[in-house]
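Here is a friendly walk through the points I would look at when opening this structure. Have the viewer ready and follow along.

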Amino acid sequence: MTAILYGNGQSRSFRCLWALNEANIPFEYQGIDRESISEAFIKLSPHMKVPIFTSQDLHISESAAIVNYAGNLSQDRSLIPADVAVRAQYDDICYFVMTELEQPLWTIGKHRFALPEEYRHEVMFDTATFEFDKAQQALAFKLDDGNFAVGDTFTMADVLLAHTLNWAERFKMNLEPAFFDYRDRMYARPACQQSLRQIGA
Ligand SMILES: N[C@@H](CCC(=O)N[C@@H](CS)C(=O)NCC(=O)O)C(=O)O
């Protein structure tokens with residue numbers, strides 16, 4: 001049975017698309033948008049969210065879990081560090097991206113377009129911008145020379161981080177120039193470019 005990634009454009013599912021391509025894992029990509037949500041998809045995703053990844057009995061609905069699954073399955077053992085101490089740094093960056101860096105962005109997204117209109121409040125934007133700027137400062141402290149998220153090679157933490165910084169740019173956040181450079185270098189990778197072509201970007 002073919003593995004399937006259900007996703008939508010440059011949303012969080014893009015991390016998974018990029019990671020699966022980076023890991024060279026065979027899968028089919030199915031684009032989902034509000035108009036194309038079917039009963040079959042709602043069975044897979046009762047909250048009607050993407051990403052969803054299915055492969056035989058496996059069902060994963062968290063983008064970071066799909067990214068790590070791809071890294072673990074890959075023959076390229078450098079995508080997820082094996083050394084315990086380096087792995088701890090890898091986890092540190094991954095959890096930071098998921099809990100600190102992306103949350104203000106998602107707050108802005110929810111209050112701009114994702115929540116039902118009666119629950120959207122513009123007053124949230126200032127707070128979210130303040131939180132994002134604080135997270136950016138923490139990120140600058142975490143990254144050594146800024147070449148890669150962890151150590152001196154590309155890992156799946158770079159997929160999570162570069163995608164989230166790209167999201168920040170798309171939301172017109174005030175990004176540090178060094179983070180633009182980092183995002184550009186990561187997005188130049190062939191697997192990322194291939195993923196962008198797959199979503200027609
Ligand atoms: N925690 C999930 C978040 C998934 C999520 O919220 N996806 C958004 C797109 S980025 C979505 O499908 N939103 C549709 C909605 O909120 O109705 C993950 O990172 O995988």
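1. **Before starting.** This is a predicted model, in which local features need pLDDT of at least 70, side-chain atom pairs count only at pLDDT 80 or more, and totals for chains, interfaces and linings use all residues. Residues are numbered from 1 along each chain as its sequence is written. Helices (H or I, at least four residues) and strands (E, at least two) are DSSP runs, numbered from the N terminus.

2. **Helix 3 against helix 6.** Two packed helices are described by the angle between their axes and the distance between the axes. Axes here are lines fitted to C-alpha atoms, for helices over the stretch in contact, and angles run from 0 to 180 degrees between N-to-C directions. Begin with helix 3 (residues 63–73) and helix 6 (residues 156–170): the angle is about 150°, and the axes are 9 Å apart. That makes helix 3 and helix 6 roughly antiparallel to each other; angles under 35 degrees count as roughly parallel, over 145 as roughly antiparallel, 65 to 115 as roughly perpendicular and the rest as oblique. Helix 3 passes helix 6 in a right-handed crossing, a term used when the near helix is turned clockwise from the far one by less than a right angle, with anticlockwise giving left-handed.

3. **Who meets whom there.** From helix 3, A64, V67, N68 and G71 meet M156, V159 and L160 of helix 6. The residues of this contact of helix 3 with helix 6 divide into 5 nonpolar, 2 polar and no charged. Two residues are in contact if their C-beta atoms, placed from the backbone, lie within 7 Å. For the classes, Ala, Val, Leu, Ile, Met, Phe, Trp, Tyr, Cys and Pro count as nonpolar, Asp, Glu, Lys and Arg as charged, and the others, Gly among them, as polar.

4. **Helix 4 against helix 5.** Next, look at helix 4 (residues 84–114) and helix 5 (residues 124–142), which pack at about 160° with axes 9 Å apart. Helix 4 and helix 5 are therefore roughly antiparallel, and their crossing is left-handed. On the helix 4 side the contact includes I93, F96, E100 and L101, while M124, F125, A128 and E131 are among the partners in helix 5. By class, the contact of helix 4 with helix 5 has 13 nonpolar, 2 polar and 3 charged residues.

5. **Two residues of helix 4.** Is I93 buried or exposed? I93, found in helix 4, is buried, with 21 other C-beta atoms within 10 Å. The cut-offs are 20 or more such neighbours for buried, 12 or fewer for exposed, and partly exposed in between, with C-beta atoms placed from the backbone. Leaving aside neighbours within four places in sequence, I93 is in contact with K142, A149, V150, A157 and L161. G109 also lies in helix 4, but G109 is partly exposed, with 17 other C-beta atoms within 10 Å.

6. **Helix 6 against helix 7.** The axes of helix 6 and helix 7 (residues 177–187) come within 9 Å and cross at roughly 120°, so the two helices are oblique to each other. Helix 6 passes helix 7 in a left-handed crossing. D158, A162, L165, N166 and E169 in helix 6 meet F179, Y182, R183, M186 and Y187 in helix 7. This contact of helix 6 with helix 7 has 6 nonpolar, 1 polar and 3 charged residues.

7. **Around the ligand.** Which residues are around the ligand? They are S11, R12, M48, K49, V50, P51, E62, S63 and A114, each with its C-beta atom, placed from the backbone, within 6 Å of the molecule. The shell divides into 4 nonpolar, 2 polar and 3 charged residues.

8. **Backbone details to check.** Most residues other than glycine have a negative phi, and most peptide bonds are trans. A cis peptide bond joins V50 and P51, with omega about 5°. P51 sits in the loop between helix 2 (39–44) and strand 3 (52–55). M48 is placed in the loop between helix 2 and strand 3, and its phi is positive, near 55°. M48 counts as exposed, with 11 C-beta neighbours inside 10 Å. Q56, in the loop between strand 3 and strand 4 (58–60), has a positive phi of about 50° although it is not a glycine. Q56 is exposed, with 8 other C-beta atoms within 10 Å.
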